[in-house]
Amino acid sequence: MPIRKMKESSEQHLVIKTHIQNSANPVQKAPKTAQNGKGPPTPEPQNPKTQNQTSPPTKNRGRRRGRGGRKSDQGDFFMRPSSRHCTVAHIPASPNLAGGGPLVTTTNGSLENGGNLCAMEMGFPTSSKSLSFAPRPGYGQAGIKCVVKANHFFAELPDKDLNHYDVSITPEVTSRVVNRAIMAELVRLYRESDLGMRLPAYDGRKSLYTAGELPFVWKEFNIKLSDEEERIDGRKGEREYKVVIKFVARANMYHLSQFLAGKCADAPQEALQILDIVLRELSAKRYCPIGRSFFSPTIRTPQRLGEGLESWCGFYQSIRPTQMGLSLNVDMASAAFIEPLPVIEFVGQLLGKDVLSRTLSDADRVKIKKALRGVKVEVTHRGSVRRKYRVAGLTTQPTRELVFPVDENSTMKSVIQYFQEMYGFTIQHGHLPCLQVGGNQKKANYLPMEACKIVEGQRYTKRLNEKQITALLKVTCQRPRDRENDILQTVQQNAYDQDPYANEFGIKISEKLASVEARILPAPWLKYHETGKEKNCLPQVGQWNMMNKKMINGMPVSRWACINFSRSVQESVARGFCSELGQMCQVSGMEFNPEPVIPIYNARPEQVEKALKHVYHASMNKTKGKELELLLAILPDNNGSLYGDIKRICETELGLISQCCLTKHVFKISKQYLANVSLKINVKMGGRNTVLLDAISCRIPLVSDIPTIIFGADVTHPENGEDTSPSIAAVVASQDWPEVTKYAGLVCAQPHRQELIQDLYKTWQDPVRGTVSGGMIRDLLVSFRKATGQKPLRIIFYRDGVSEGQFYQVLLYELDAIRKACASLEPNYQPPVTFIIVQKRHHTRLFANNHRDRSSVDKSGNILPGTVVDTKICHPTEFDFYLCSHAGIQGTSRPAHYHVLWDENNFTPDAIQSLTNNLCYTYARCTRSVSVVPPVYYAHLAAFRARFYMGPDLQENGSIGHAGKGTRTAGESGVRPLPALKENVKRVMFYC
C-alpha cells in the first residue's frame with residue numbers, strides 16, 4: 001500500500017507543535033478509592049495551581065489571528081468557552097515558556113523529547129524510516145498482582161549466522177505447492193553432494209535459507225517433476241524446471257539478540273522471518289498450510305457444517321520478539337474446507353435436495369457454478385489414474401445433449417458416446433450438466449459430474465451462511481482449560497526437539513507455557529441518576545444491572561410510532577410489546593409517552609420504502625409538522641435485506657431514529673431484553689446511560705485536567721469474493737467533556753481494501769470560498785466545540801484493525817491528517833496526540849495459573865476482567881499491553897492488544913491502562929464491561945451500519961457526487977460517496 005507523500009514546496013504543511021512533558025503537565029494521581037463495594041470514592045479538590053489557570057485558552061490566539069490571520073468560513077471553531085464543573089489547566093502556546101526545552105530532530109529525522117514543554121515549527125516526517133514509535137515509559141503498578149499463563153513458548157536463539165539464497169525457477173511457477181515440490185526433489189537428489197549435507201528451509205517463493213554456507217555462491221540445477229494436473233489427453237506428463245540458487249546475504253543473529261535485549265529499537269525482520277520459515281518447514285510438509293496456520297483432518301475428526309462444507313482443526317504458529325526473548329506463539333485454529341465428496345453428492349448437499357431424479361433449475365445451476373468455480377476435482381472413472389483438474393464452469397446443456405469435435409475435420413461425438421468408447425464408462429445421469437475444466441477457453445473440456453470427486457484439503461474462502469457459522473463456532477468454542485491442554489498437546493506432537501530443520505538451525509523450543517506476571521485492575525465506580533435507589537454502582541466481575549437505578553441523563557420520547565412488518569404479530573401483541581417497552585424506558589429514567597402518534601401500522605416487507613414514508617408523513621400531519629422522535633419497527637426473524645433498508649431510508653432519507661425488534665422477542669418479552677433495548681433507545685435520543693464517577697469528579701489523569709477528545713476509528717473491508725465493493729471507514733469522537741461518554745460518528749466509502757483512512761482531512765476548491773478544508777477529524781473537532789463550548793486541548797486516538805506490517809504507514813498518514821485538520825481550524829492549534837492501535841485479531845491467549853482456584857477465574861473459567869499484562873510476552877522496547885477488560889461468556893476470552901505508537905501526552909503505563917479499562921465500562925448497549933475500548937467498538941458499528949447505505953443503485957459504477965456531511969467519499973478515488981446522514985441523526989449515537 002503506497003505511503004502518501006507530503007505535498008511539496010509551498011503546500012507542505014508546517015505546524016506549531018506543543019509538546020507536553022510530565023514535569024510540565026503532571027499526571028494527576030487518582031486518589032485512593034474505596035473499592036470494597038460499600039460506597040463510592042469521595043471527590044477531592046483539584047490541585048490549586050490548576051485552579052488558577054482558568055484564562056480562556058483561545059484569547060491570545062484569537063487576537064493574533066484577528067490582526068493578521070486569513071479569515072475563512074471555518075472561523076466558527078472558536079466561541080466563548082462555557083463554564084464547566086471541571087477546571088481547565090491552560091496550556092500556553094508560546095514557544096518561549098520557562099524551562100521549555102526543544103523538540104529535537106535526530107539525524108534520521110525522528111522526533112525526540114529534548115525538554116519539558118516546547119512549541120516549534122516543524123514538518124511531519126515524510127518517510128516511515130524517520131518515525132520511531134513511542135518507547136515503553138516503564139511498567140504498570142496498579143491493581144492486584146497475580147500470575148497467568150500465556151500460549152507463548154520460549155525459543156532459544158541459534159548461535160550461528162544464517163545464510164539467505166535467492167531462488168529462481170523457470171518456467172515460472174505461481175503455486176507454492178509446486179515450488180515446494182521442486183525444491184524437495186532438488187534437496188532429495190543433491191543434499192549429500194552439491195548442497196554439502198545442508199538441509200535448507202524454503203519459503204515456497206524466492207528465498208532459501210541455510211545454517212552455514214553452501215559449497216557454492218551460484219549454481220544451476222535441472223529438476224524433473226511429474227505433472228499430474230490438467231492434462232486432457234490422458235498422457236502422464238513430466239516437466240523440467242531450471243532452478244538457479246544464488247547467495248544473497250548473511251543474516252546476523254547478533255542484531256536480533258541486541259533487539260531482544262532492548263538495546264536497539266529496529267526489529268531485524270529478515271532474521272525473524274528466517275526463524276519463522278525454519279519452524280514452519282516440517283509442518284508445511286505434514287499438514288495443509290494456510291496463512292500462518294496448519295490444518296489437517298487427522299488433528300481432530302472433521303465436523304460437517306452443511307451444504308458440502310466441513311470444519312478442519314489445526315493450529316496457528318508464529319515466532320515473536322518479546323521481552324523474555326524469542327517466543328513461539330501457538331494457538332488452536334479452525335477453518336471451513338470443502339468436503340471431499342463425489343461431485344453429485346456435493347451438489348445434493350449444496351441444494352438440499354435429490355438431484356439424481358430431477359432436472360436443475362437456472363437458479364440451481366447458478367448456485368452450483370458459483371460453488372464449484374476454481375475448485376479442484378479428480379476423476380474416478382479410470383481406476384487408479386486419478387488425474388486432477390480445476391473447474392472453470394458448468395455447461396448450459398445437460399450431458400446427454402453435449403457433443404464436441406474429436407478431430408481436425410470437426411467430426412462430432414457425444415460426451416456419452418466418448419466416455420463409453422474411451423473408458424467403458426456408462427453415464428447414468430445424462431440430465432445433469434457437465435463440469436467444464438481446464439483454463440483453455442477455445443477447447444472445451446467436459447467431465448460428467450458422476451465421474452468426479454472433490455480433491456481433499458481445499459479451504460472454502462467464500463461467505464458462510466448463518467447455519468454454517470453457528471456450526472463452526474460450536475467446533476471452535478473451547479473452555480480455557482481444554483484450549484490450554486490442546487495447545488500443550490499440539491506443541492508436544494510437533495516435537496520441535498526432533499524437528500530436523502529446527503535441529504539443523506540450532507533452534508530449541510520450550511514445551512511449557514510462559515508464566516507471566518499480571519495485574520487485575522479494579523472496576524470503576526459508575527454514576528447513575530440521583531433519583532434512583534442506587535445512585536452509584538461498583539460492577540462485580542465485569543457486570544451489573546439496571547435494578548434500582550435510573551439513567552444519568554434519561555431523554556424524553558413524546559412523539560413515536562410503530563410499524564409492524566411481521567405477519568405473525570397481531571396488533572394486540574404489538575401494542576402490548578410497545579406498552580411494556582415504554583414502561584421499561586420509564587422505569588429506567590426516561591419520560592416515554594404511553595401513546596403513539598398514530599396507531600400501529602402494519603406493512604409488508606417488500607413495500608418498506610412506501611410504508612416508512614407513509615408513517616413519517618402521517619405522523620407529521622398529526623403533530624402539525626413536529627418531527628417524529630422515534631420509530632419502532634417489528635421485523636420477521638428472517639428478514640433478509642429489510643433491516644438494512646429500514647436503516648438506510650430512515651437515516652439518510654427521512655432523518656428518523658429507529659429501533660428494530662425481532663418477532664421472537666416481541667412474543668417472548670423478557671425484562672433483560674427490554675432493559676437492553678431501553679439503553680439503546682436512550683443514547684439514540686441523545687441521552688447518557690451512565691458515566692464514570694471519576695470523570696464527573698474530575699479525577700481521570702490526562703483527561704479531566706483539560707478538555708480532551710477521544711476518537712475511535714476503524715475500516716471494514718468487503719468479504720472475500722467481493723472484488724469491487726468499497727471499504728468503509730468510520731470515525732467516532734466523544735462529544736462531552738469531562739464525561740467522555742457520548743460519541744458522534746461519521747462514515748465514508750473508500751477504495752477496495754484500502755486500510756489508510758482517506759477522508760480524515762481533505763481540501764477542495766469552491767468557486768466562491770476558494771480552498772475549503774474538511775474531513776472527518778475536522779468536523780468532529782468542530783462538533784465537540786459546539787457541544788461543549790471548549791476546544792479540545794488533548795487528543796486520544798484509538799485505531800482498530802491495523803496489522804503490525806501497516807503500523808508505520810497508518811501512523812505516518814493518519815497523524816499527519818490529524819495535525820492538518822487541527823491547523824486548518826486555527827494557526828498554531830496543535831493539541832498533543834496519543835495514537836493507540838487496538839488489535840483483537842491476534843493469537844495470544846491468557847489462562848489462569850490454577851484453573852481450580854475459583855477466586856482467580858470468572859464463571860466461564862476465564863481470567864478475571866481487568867487483567868493486564870505489560871511484561872515478558874510484550875514488545876522488547878515499544879509501549880504495548882494486553883488487557884482482558886471483559887468477563888468471558890463462553891469459550892476462551894481473547895485479550896485486546898493495545899499498542900501506543902505515538903504519545904505526546906506522556907501517559908504513564910498505569911494512566912493509559914486504567915483509562916482504557918475504565919472506558920470499557922461505559923459501553924452504551926449493555927451493563928457489562930466490553931472486550932475492546934468503546935470508541936473503537938462504536939466505530940466498528942458505524943462502519944458496519946454504513947454497508948446498508950450502499951443501496952442497489954450504489955453497487956453500480958457511477959460518477960462521484962459531492963458527499964454530504966456525515967457520510968463522505970474519498971475525494972478523487974473514483975469511489976461513489978455514501979448518501980449523506982441527516983443532521984439530527986449525526987448528532988446522536990444512531991449506530992447503537
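Student: How many salt bridges does the structure hold?

Tutor: The structure holds 43 salt bridges, a salt bridge being a side-chain nitrogen of Lys or Arg within 4 Å of a carboxyl oxygen of Asp or Glu. This is a predicted model, in which local features need pLDDT of at least 70 and side-chain atom pairs count only at pLDDT 80 or more, while totals for chains, interfaces and linings use all residues. Residues are numbered from 1 along each chain as its sequence is written, and side-chain values use heavy atoms, with hydrogens and water left out.

Student: Which residue meets Glu 281 in a salt bridge?

Tutor: Glu 281 meets Arg 180, side chain to side chain, at 4.0 Å from N to O. The pair links distant parts of the chain, with Glu 281 in helix H5 (residues 269-286) and Arg 180 in helix H3 (residues 176-190), 101 residues apart. Helices (H or I, at least four residues) and strands (E, at least two) are DSSP runs, numbered from the N terminus.

Student: Is Glu 281 buried or exposed?

Tutor: Glu 281 is buried, at a relative accessible area of 5%. Arg 180 counts as partly exposed, at 24% relative accessibility. Buried means under 20% relative accessible area, exposed over 50%, and partly exposed in between (1.4 Å probe, protein chains only).

Student: And what does Arg 519 pair with?

Tutor: The side chain of Arg 519 forms a salt bridge with that of Asp 910 (3.7 Å, N to O). Here, too, distant parts of the chain are linked: Arg 519 is in strand E25 (residues 514-520) and Asp 910 in helix H20 (residues 909-919), 391 residues apart. Arg 519 is buried at 4% relative accessibility, whereas Asp 910 is partly exposed at 24%.

Student: What about Lys 671?

Tutor: Lys 671 forms a salt bridge with Glu 580, and the closest N and O atoms are 3.9 Å apart. Lys 671 is exposed, with 58% relative accessibility, and Glu 580 is partly exposed, with 29%.

Student: Which residues are linked in a network of salt bridges?

Tutor: Such a network links Glu 609, Lys 613, Asp 645, Arg 648 and Glu 653.

Student: Changing topic to the strands: in what order do E26, E27 and E34 come?

Tutor: They form an open sheet of three strands in the order E27-E26-E34, with antiparallel pairing. Strand E27 (536-537) and strand E34 (691-692) each have a single partner strand, so one side of each is left without a neighbour in the sheet. Two strands pair if DSSP finds at least two bridges between them.

Student: How many bridges join E26 and E34?

Tutor: Strand E26 (residues 526-527) pairs with E34 over two bridges, in the antiparallel sense. Leu 526 has Leu 692 as its bridge partner in E34.

Student: Where is there a hairpin?

Tutor: E38 and E39 form a hairpin, with three residues between them. Strand E38 (residues 762-766) pairs with strand E39 (residues 770-774) in the antiparallel sense over five bridges. Within this pairing, Gln 765 stands opposite Thr 771 in E39.

Student: What else does Asn 494 touch?

Tutor: Leaving aside residues up to four places away in sequence, Asn 494 touches Arg 286, Tyr 287, Phe 315 and Gln 317. Contact means heavy atoms within 4.5 Å.

Student: And which backbone atoms does the side chain of Thr 788 reach?

Tutor: Thr 788 is placed in helix H18 (residues 776-788) and is buried at 3% relative accessibility. The side chain of Thr 788 reaches the backbone oxygen of Phe 784 at 2.8 Å and the backbone nitrogen of Gln 790 at 3.1 Å.

Methods
A polar contact is a pair of N or O atoms within 3.5 Å; within protein, one must be able to donate a hydrogen and the other to accept it, and residues adjacent in sequence count only if both atoms are side-chain atoms.
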